Amino acid sequence: MKIVVHTDDATQWRDALSKALPNATVVTSDAPEETRQDADYLAVWKAPAYLLKEQTRLKGIINLGAGVDYLLGTPGLPANIPIVKLRDAGMSEPMADYVLYGVLHFYRSMDRYTDQQANAEWQPQRLADKADWPVGVLGLGAIGAHVASALQQAGFPVLGWSRSPKTITGVQCLHGEEGLVELLGQVQSVVTILPDTPATHGILNAQRLAKLPKGASVINPGRGSLIDEQALLEALGDDATPGHLRGALLDVFCEEPLPAKNPLWQHPRVIVTPHMAAPTPVNDAIDQVIAYLHAFEAGEDLPTVNPTQGY
């Protein structure tokens, strides 16, 4: 069995897979072309087109992350090759930490204190009751459900939204267009943890952002395509003409790395982070990857990605 690995931590992944599968040949994508050809499996994150195009005997592709939009959009992706993706694999906890930080940033008025510090202004802000700070979570997959539960356990009322009905203890779960409108109309912070699909592209557009209450905040550690960036900028306004939204914490963008000329970098009410909310931890994910490989080899049924649906 030959496995080719492509990701930022490819050497670490190669070593971990080689140790777990001593009879397999595991190489990284920077190996000579003749070495990486004829792979049985690719274990990849944002694989280059050439790596996909040069393979002729693939049995399966393992996406080393939860989002598959980049892979599905890569030229040369072989047709009819089953794709599996990591499902949680240790990403839920850092994602929940990131989101909880974002919610607390606005809930505890850290954005306002930053502005006051610049002006040497000493003015305590009123601390709202957590019961009066509902948080909306769009996307209730494995990671989204964990985030929603973590926020609820931290004391915030949580409304969750998904395309189809879900049930999460302590979380008010909504679905469909009516459910989305209901959620947006009452949350102080909205968190987007949806996949990038035709149905979710621009889900927070100008019309839906306008449904958020005045002073609400947006936290996006999901996919850059979920938010209409221009609509968000207009909803935030500027120092001269403030918009109805208070601020945004953004980890993902339509174009990455975020170009230096993008106005989000300089906006006073936007925090930009470089797609780091929930990196894939090798030690937590390796067991899932190995289980996928064993299942592929045994011909077992696997929860494969549906390219049409995008997840």
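The chat below goes through the sheet, the helices packed on it, one threonine and the aromatic pairs.

Mentor: Keep in mind that this is a predicted model, in which local features need pLDDT of at least 70 and side-chain atom pairs count only at pLDDT 80 or more, while totals for chains, interfaces and linings use all residues. Residues are numbered from 1 along each chain as its sequence is written, and side-chain values use heavy atoms, with hydrogens and water left out.

Trainee: In what order do the five strands sit in the open sheet?

Mentor: The order is 2-1-3-4-5, with parallel pairing; strands are DSSP runs of E with at least two residues, helices are runs of H or I with at least four, and both are numbered from the N terminus. Two strands pair if DSSP finds at least two bridges between them.

Trainee: And which strands stand at the edges?

Mentor: Strand 2 and strand 5 (83-85) do, each having a single partner strand, so one side of each is left without a neighbour in the sheet. From one strand to the next, the twist averages 20°, where axes are lines fitted to C-alpha atoms (for helices over the stretch in contact) and angles run from 0 to 180 degrees between N-to-C directions.

Trainee: How many bridges join strand 3 to strand 4?

Mentor: Four bridges join strand 3 (residues 41-44) to strand 4 (residues 60-63), and tyrosine 41 has glycine 60 in strand 4 as its bridge partner.

Trainee: What does helix 11 touch when it packs on the sheet?

Mentor: Helix 11 (residues 282-298) touches strand 1, strand 3, strand 4 and strand 5, and its direction makes about 165° with that of strand 4. Helix 1 (residues 10-20) lies across strand 1 (2-6) and strand 2, running at about 175° to strand 2.

Trainee: Switching topic, is threonine 28 buried or exposed?

Mentor: Threonine 28, found in strand 2 (residues 25-28), is buried because its relative accessible area is 7%, and buried means under 20%, exposed over 50% and partly exposed in between, using a 1.4 Å probe and protein chains only. Not counting residues up to four places away in sequence, threonine 28 touches Val4, Val5, Ala10, Thr11 and Arg14, contact meaning heavy atoms within 4.5 Å.

Trainee: Last one, which residues form the aromatic cluster?

Mentor: Tyr107, Trp133 and Phe156 form one cluster; rings of Phe, Tyr and Trp (its six-membered ring) pair if their centres lie within 6.5 Å, with planes under 30 degrees apart counted as stacked, over 60 as edge-to-face and the rest as tilted. Tyrosine 107 and phenylalanine 156 are both buried.
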